[in-house]
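Open your viewer and get ready to click along. We will go from stop to stop, selecting a few residues each time and looking at what lies around them.

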Amino acid sequence: MEIPPFFEKLIKEDHDLSSGVSSTVPKFEKWMSQSTLPFFPEYTDHNIKHIEEVLTTAYGLISDNAKPLLTSGDGTVLVLASLLHDCAMHLTEDGFFTLIDKGNGWLPIQPFDNCSWGDLWEDFMATARRFDERQLIAIFGDSISLPSPNLSKKVLHDEDRLLIGEFIRRNHPRLAHEIAIYGLPGIEGKSVQIVLNIEPKIADLAGLVARSHGMPLRECFGYLTDKFQLRDFGGIHAVYLMVLLRIADYLQIQPTRAPKEVLQVRKLRSPISQGEWSVHHSITNITKAGDDPEAISIDAEPPEAKIYLRIKDWIRGVQRELDDSWAVLGEVYGRYVPEGLSKLNLSLRRVRSNLDNWEEFSAKVDYVPAKVSFESANPDLLKLLVGPLYNEKPEVGIRELLQNSVDAVKELEFFLKRHPEHRAIERITQKEDVLITIESEDGEPEWVCIRDKGIGMSLDIIKNYFLKAGASFRKSKPWKKEFEDDDGYSQVLRAGRFGVGILAAFLLGDQLYIKTRHISQPKNRGLEFEAGLDIEMLNLKWVSLPVGTEIKIKISKSKRASVKNFLDYYDLGKGKISAEWDWYCLEKPVVKRKLLPFEKELVQANVVPLENSIPKKHWRTFCPPDFKKVHWTFHKAPSLVCNGLIVSRDSKRDGSYLGFSRKNYSSLLNFPKLSIFDPNANLPLNLQRTLLINNAIPFEDELATCLLDDFVAFALTKGPQQPIYLDTAAQLSFKGSKNVKDDISWDFDEKNIDPWIFGAKGYCLNNEFLFKKLKFSSILYIASSAGNINCFNFPKISDAMGVLSYKSNVDPKMERFSIESGLKFILGLKKTKGYLLKGPIGLNLEFTGRRVLLSKNIFNRVLGLGYISQAVQKTLTEAEREFENEKWVLLKIGHCHEEKCFNFKELIDNTNWGASLNSVYMFAEAFVGDGNVLKTPSSIVTDHWLKTVGNTLIPYVKGDREKTFPRLYKSLSKYIKLHENE
């Protein structure tokens, strides 16, 4: 290695120091020449030539007045520090394994370091697991999954090496210092001394100078003062040497460090490497400026805006280093004139460039040399966004602040579990976790206040997240490090997700008054300030506060009427609350709402089960992939709740609204009310938090399985214990069934058909596929307007017959249409959904014949002139009269299986009709043909029934059910127990 003659001459003045340098330099030369930079395959040159250029540049930085003051010790330390400063880049794989071995015996250098390299690596990996896509691309050239090096087997892949390289890059100044003291990490846990024949204190000092190029200069002063001398230690001027090294290294950006020939044989993967090489190639010349002896001129030809901005940043960085260095030199040496130390200064003060004049340079290139990106031009744009985003609803402002407060309380609860030493810290004094108040004066709402006992906000959170629309702190590295596990999953529930909550606050008023203190800050580091979109610069004050946050909003006059509309000022004594600001549904954290000055608490209307609680009556629970838990019910609740906050209150359109009907779940079942616990924001909510994106839930199939299992369990648990042929809905009213209605229509409607088919030995789901599989050859169908007609004494039915019932309230004014509609269905004459219904309501089957029993009263009225359609009249007139008396007529249409016919005569003779005579429209027996089931949409309800129950009837005797379905009782035990207790 060629050492500049000036330094070589200085070193030779001290025989011992010269001997040490002569021994050390060849050691470094051999190591670096053989190094392949295993962890930095794409970096610019960091070999001996780079060291020579650094030393040459350092010599050029020494002013003529300073040269006589430099000593042999200065020359020695500067040469050694130059060798050391980037030597970590040459670390071998074996050296890395030795370095992070917690038993390597290397002690952290105080006061700079407090942890071992092994601990430092673990901390780095914890941070790396939270790298975003941009960081991954910068390191690996692609947004790959983060590698996890198998250090135990000591087998590394290319991606592993790049990740380790990032770790070394971040910590290479520290390693330079430690190599000077402990030696070079080598094979099998051993260290190799590379700084030879040098007194330990000199080696330590050289390591410190090398280390200083990666940290603020003044942070080295304490170490220098404690172990050496700040200004002069044995003739060595360490601070001056630190200045020379850092600026000389900063200026090493010549094209020779990134030879273009290398790019011709390999492609750089990492954008960081690509950028570094491009910057080097763009520098065309660095020379002394002719008209200013203390300035250098840098000429560059950046090919694009990104490289232009990087070079501009680099030039500004050089100038900043020069300014800081001159300030430090003046501070350390400037006052010591008699000793001559005030002459220790630099030959360089200023940096000039052909990029300085933007207009001139931009005229020479074919791109705009500037940073161009989407930004808010002024606060008025944010104002324009707020209203339309939330449909001008002031109550949404309360919701957004509420969810942030609830999140803060949950975060503090988790934080205290991990950091119990903070439990005694003073918090906001109030019983509830979150208190929302609306203060009124003279009947007019004046203030909205949200106060929480949460984790609070620090200055960094306020500046970089709270006041920036779209910047969510819960997506930041500090938040993720504290609240996510190693796999990147949040360990606390988060209602807020988009980072626009603070904008919604301005739906209530133009001015916000905030008081807050973060759990990590001392009491006197609370913050108080006023925020508004029109305030150009906020005035944040340090104040003494308990931990937590309070946000007060002065309700603007234009919003008071809207706020008053969603407050019930006329029922304050009853504590009535308007739904518009009753968003919260959990019992914990505790949220209270009050109207002041009345001190009236507005009671929370909806309460859903807590995440880890045992579900309350009528609630069910399951854990789909990527979600913590889901509770669901068919009983009273908001239709969709996420992390305790209402998303949708509308339950009437849930099936189509959430896509449930697309797979024909809705052929029998309603969509349930959902309470979803989603810590990682996987539920695809829209920005307004009112709808699901694409109207679909991610776990629809899992939910369907739970619903259907519950439905089957209901059928097993609540089924009748004896054949019931009429009014079965009262005994089998599954809450989630669409076919069982509390209100009864006057017309024949599929929704009023019972969801069950009853046989001689049991019952099953009403479905044409099951009907065929059970080998029923006929079906008995009964239509009645009575609420209960179980007074019939039915003849025994055969195993080949199923029974369906239908109930309909008949409005006397509409009786004609009811009877006509019913007869059309029974006779197969009514068109529905584009095709002719071939069978009774609820079963789309081919039928060969029908036997219809009508009351004589209805039969005569139907045949009356003009009473009913000619098609119905014609069919009834042409039908064969199998039986007739003064009360009934039995008609026969088509081919019927005589040996399997139902005994209608026995039914009539053995029944005490009484008042029920006029309540029955008709009985009908339909005979199934041998053809296939008509083409109808496949139903997942039917598929699930076949998968679980099969084509077997559920016995009427409860004791026989478990014997018939032992596996089913075991697999559905959770749901069966719930139904038994309800």
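Start by selecting Ala238, Val239, Tyr240, Val243, Arg246, Ile247 and Tyr250 in α11, and then Trp314, Gly317, Val318, Arg320, Glu321, Leu322, Ser325, Val328, Leu329, Val332 and Tyr333 in α14: these two groups meet. Contact here means heavy atoms within 4.5 Å. The residues of this contact divide into 13 nonpolar, two polar and three charged. In that count, Ala, Val, Leu, Ile, Met, Phe, Trp, Tyr, Cys and Pro are nonpolar, Asp, Glu, Lys and Arg are charged, and the others, Gly among them, are polar.

Before you move on, a word about the model: it is predicted, local features need pLDDT of at least 70, side-chain atom pairs count only at pLDDT 80 or more, and totals for chains, interfaces and linings use all residues. Residues are numbered from 1 along each chain as its sequence is written, and side-chain values use heavy atoms, with hydrogens and water left out.

How do α11 and α14 lie relative to each other? Their axes are 10 Å apart and pack at an angle of about 170°, so α11 and α14 are roughly antiparallel. Axes are lines fitted to C-alpha atoms, for helices over the stretch in contact, and angles run from 0 to 180 degrees between N-to-C directions. Angles under 35 degrees count as roughly parallel, over 145 as roughly antiparallel, 65 to 115 as roughly perpendicular and the rest as oblique. Helices (H or I, at least four residues) and strands (E, at least two) are DSSP runs, numbered from the N terminus.

Next, zoom out to the whole chain. The protein has 32 helices and 29 strands, and 54% of its 982 residues count as buried. Buried means under 20% relative accessible area, exposed over 50%, and partly exposed in between (1.4 Å probe, protein chains only).

Now select Leu84, Phe96, Tyr240 and Leu346. Of the 115 residues in the largest nonpolar core, these four touch the most other members. Helix α14 (residues 305–333) gives the most to this core, with 13 residues. Apart from this core lies another, of 84 residues, among them Phe622, Phe711, Ile779 and Ala926. A nonpolar core is a set of buried Ala, Val, Leu, Ile, Met, Phe, Trp, Tyr and Cys residues joined through side-chain atoms within 4.5 Å.

Keep Leu84 selected and show what surrounds it. Not counting residues up to four places away in sequence, Leu84 touches Phe28, Ala176, Ile179, Ala180, Val195, Ala206, Gly207 and Ala210.

Val77, Leu80, Ala81, Leu84 and His85 in α4 meet Ile202, Leu205, Ala206, Gly207, Val209 and Ala210 in α9. Nine residues of this contact are nonpolar, two are polar and none are charged. The axes of α4 (residues 72–85) and α9 (residues 200–212) come within 8 Å and cross at roughly 55°, which makes α4 oblique to α9.

Select Gly95, Phe96, Phe97, Thr98, Leu99 and Ile100 to see the buried ones. They pack against α6 (117–128), α8 (158–182) and β1 (184–185).

Follow the loop between α5 and α6 to Pro111. Which kind of peptide bond joins Gln110 and Pro111? The bond is cis, with omega about 5°. Another cis peptide bond joins Lys588 and Pro589, with omega about -10°. Pro589 is in the loop between α21 (557–565) and β12 (591–596).

For the next stop, select Phe228, in the loop between α10 (221–227) and α11 (238–250). Is Phe228 buried or exposed? Phe228 counts as buried because its relative accessibility is 4%. Leaving aside neighbours within four places in sequence, Phe228 is in contact with Lys201, Asp204, Leu205, Tyr223 and Phe233.

Finish at Glu188, in the loop between β1 and β2 (191–192). Its phi is near 55°, a positive value in a residue other than glycine. Glu188 is exposed, with a relative accessible area of 68%.
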